[in-house]
Amino acid sequence: MTHEHAAELIALHVLDALDPGERRELEAHVATCDACRAELRALRPVADALLVAVPEREPAPGLRGRVLDAALAARAPAGRRPPATLRAALPAWLAAAAAIVIAAGGLFYANRTSQQLSAARAEIAILTAPDVVRVDLQGQPVAPDSTGRVYWSRSRGLVFSASKLPALPASKIYQLWFVTTGGAISAGLVQPGPSGDSVLTFDNPPGIVGPVALAITIEPAGGVPSPTGDKYLVGAVPAAGA
Amino acid sequence: MLDGRAVPLTLLLVTAIFIAAVLADTSDEHLLERITNGDEGALGSLYDRHVRRLYSLAARIAPREADAEEVVQDVFVRVWTLASRYDPGRGSVIAWLLIMTRSRALDRVRALRARPDGHNAIDPGTIEKATAADDTAEHHLIGAERAERVRSAFERLSAPQREAIDLAYYGGLTHTEIAARLREPLGTVKTRVRAALMKLRDALEERA
C-alpha cells in the first residue's frame with residue numbers, strides 16, 4: 001500500500017468503514033509510517049466524539065428492572081466468586097469484624113489454656129510436695145458405689161478426685177471438709193461432671209489444726225459454713241499428715 | 001486485651017474503615033471491579049450512571065425503542081458476565097461501554113436487515129464483518145460541551161456528507177457498500193467522508 005493510498009483511507013478506518021482486507025493492509029502501513037500514525041491520532045477522537053454526539057433519548061423507566069433481571073439471570077460473573085452483594089459491599093467491615101472475633105476467640109482460648117496450664121502446674125506441685133499424704137475416701141451408706149481420693153500437702157494444698165458421685169438436684173452441691181478436732185472447715189465446693197466424676201485442686205483453708213479426716217457432704221447450693229447434710233465420702237487422714 | 005475502652009474505640013475504627021471503603025468505591029473502575037466480584041448493587045449504580053448515554057447511542061443506530069432497549073440489555077448482560085475483560089489501558093469504562101453499545105447495536109440492525117422479509121436486504125457478507133473492528137485502539141471520550149459542538153457541527157454538514165458518515169459510523173457499512181447504496185463512485189465516497197471528518201475535527205478542536 002502506498003502512503004498516498006493509505007492516507008486516503010485513514011478517515012474511513014476511524015469510522016470503521018474499511019473492508020477487512022483493506023483494514024489489515026492499512027494497519028500494516030500505519031505501523032511503519034509516522035505521518036499516518038499522527039493522522040490516525042488526530043482523527044480517532046472525532047470518531048469517538050460521534051459515540052456521544054447523538055440526540056439524547058430518555059430510556060423508559062421500566063428498562064432498569066428488565067436489564068438488571070436479565071443480567072442476573074444470565075449467570076454469575078465469569079470464573080469468579082458467586083454473587084455476594086454484601087461480601088463485595090462490606091469488605092472492610094467484615095474483615096475488621098472477623099479480625100475482632102478471631103482476636104477475641106484467640107484471647108479467650110489463650111486465657112483458658114493458661115488457666116488449664118496453671119491448674120495442672122498446681123496439681124503437680126501438690127502431688128510432688130515432700131509432705132504430701134494420700135487420703136482414700138470411702139462411699140458412705142447414701143452412696144455406697146462412690147469412691148474418692150485426696151492428695152493433701154499441708155504446705156501446698158490438695159488435689160481431690162472422686163468417681164460415681166450421685167447426680168445432684170440444682171438446689172444442692174457437694175462440699176469438701178477438713179474434719180479437725182476444733183470442728184469442720186470447708187475446703188471448697190464440688191460439682192461433679194455428668195458421670196459423677198470430679199478432679200479439683202484446692203488451696204488449704206486457714207486454721208487446719210491436726211485434721212483427722214476429710215469428708216464430702218451434700219449441702220444447699222452455694223455451700224454452708226459448717227456441714228448440715230448427709231456424708232457421701234469420708235476418709236481418715238494418716239497420722240503422718242496430721 | 002479487649003478492655004472496656006478498647007471495644008468502643010475498635011468499633012469506631014471499624015465504622016471509619018467502612019465509610020472510607022464506601023466513599024472510595026465510587027469510580028467506574030471500582031464499580032466494574034465490584035461487578036467482577038458479583039456485586040449486584042454495583043451493576044445498578046453503573047446502569048444509573050451511564051444508561052442515558054448508552055441508550056441514546058443505541059437508539060441513534062437502532063431507532064426502534066424495542067431494538068434500542070434490547071441493545072442496552074445485551075450490553076449490561078455482557079458487563080455482568082464479562083466485566084473482567086475490561087482493559088483500563090485502552091480507555092475509560094464509559095468508552096468501553098459505548099464501543100460495546102455501538103457494536104451490539106450494529107449487530108442488531110444488520111440482523112434486522114438480513115431478514116428475508118426486511119426491506120433493504122443486503123449482502124450477507126456484511127454480517128460477517130465483525131464489529132469488533134478497531135477495538136485494539138485507545139479511546140478517549142470528550143466532555144458534554146465538546147460533544148455538543150461535534151453534534152451541532154454534524155448537523156451543519158452537507159446532506160451527502162451527513163449521509164456518508166451516518167451510513168458508515170451509525171450504519172456499519174463499508175465504503176464499498178456506501179458507494180453501492182448511493183450509486184456513486186468509490187473515490188467520491190472516500191473524499192466526502194474525509195472532508196466531513198475534517199469539519200468535525202475542526203469543531204472538536206475549536207476553542208470555546
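This is a predicted model: local features need pLDDT of at least 70, side-chain atom pairs count only at pLDDT 80 or more; totals for chains, interfaces and linings use all residues.
Chain A contains six helices and eight strands. Of the 242 residues in chain A, 37% are buried. Where contacts in chain A link residues at least 6 apart in sequence, 58% of them join residues at least 24 apart.

Helix H4 of chain A spans residues 63-74. With 12 residues, H4(A) reaches 16 Å from its first C-alpha to its last, close to the 16 Å expected at 1.5 Å a residue. Its buried residues are Leu63(A), Val67(A), Leu68(A) and Ala71(A). Viewed down the axis of H4(A), these buried residues fall within an arc of 120 degrees, and they therefore line one face of the helix. The face turned away from that buried side carries Asp69(A) and Ala73(A), which are exposed. The cover over the buried residues of H4(A) includes helix H3 (40-61) and helix H4 (65-82) of chain B.

H4(B) has 18 residues and reaches 25 Å between its first and last C-alpha, close to the 26 Å expected at 1.5 Å a residue. Buried residues in H4(B) include Val71(B), Val72(B), Val75(B), Phe76(B) and Trp80(B), and also Asp67(B) and Glu69(B). Among the elements that cover the buried residues of H4(B) are H4 of chain A and, from chain B, helix H2 (28-36), H3 and helix H5 (93-114).

A further contact between the chains involves helix H3 (residues 34-52) of chain A and helix H8 (residues 159-170) of chain B. Two packed helices are described by the angle between their axes and the distance between the axes. Here the axes come within 12 Å and cross at roughly 85 degrees. Because angles of 65 to 115 degrees count as roughly perpendicular, H3(A) and H8(B) are roughly perpendicular to each other. On the side of H3(A), the residues involved are Ala47(A), Leu50(A) and Leu51(A), which meet Ile165(B), Tyr169(B) and Tyr170(B) in H8(B). By class, this contact has six nonpolar, no polar and no charged residues.

H8(B) itself has 12 residues and reaches 15 Å from its first C-alpha to its last, close to the 16 Å expected at 1.5 Å a residue. Ile165(B), Tyr169(B) and Tyr170(B) are among the buried residues of H8(B), as are Gln161(B), Ala164(B), Leu167(B) and Ala168(B). Just after H8(B), Gly172(B) takes a positive phi of about 70 degrees.

The backbone angles of two other residues also deserve mention. Most residues other than glycine have a negative phi. Asp16(A), however, has a positive phi near 65 degrees. Asp16(A) is found in the loop between helix H1 (3-14) and helix H2 (20-30) of chain A. Its relative accessibility is 6%, so Asp16(A) counts as buried. In chain B, Arg183(B) has a positive phi near 55 degrees. Arg183(B) is placed in the loop between helix H9 (175-182) and helix H10 (186-205) of chain B. With a relative accessible area of 77%, Arg183(B) is exposed, whereas Asp16(A) is buried.

Methods: Residues are numbered from 1 along each chain as its sequence is written. Chains are lettered from A and ligands numbered from 1 in the order in which they are written. Side-chain values use heavy atoms; hydrogens and water are left out. Helices (H or I, at least four residues) and strands (E, at least two) are DSSP runs, numbered from the N terminus. The expected span of a helix is 1.5 Å times one less than its number of residues. Buried means under 20% relative accessible area, exposed over 50%, partly exposed in between (1.4 Å probe, protein chains only). The arc is that of the directions from the helix axis to the C-beta atoms. Contact means heavy atoms within 4.5 Å. Axes are lines fitted to C-alpha atoms, for helices over the stretch in contact, and angles run from 0 to 180 degrees between N-to-C directions. Angles under 35 degrees count as roughly parallel, over 145 as roughly antiparallel, 65 to 115 as roughly perpendicular and the rest as oblique. Ala, Val, Leu, Ile, Met, Phe, Trp, Tyr, Cys and Pro count as nonpolar, Asp, Glu, Lys and Arg as charged, and the others, Gly among them, as polar.
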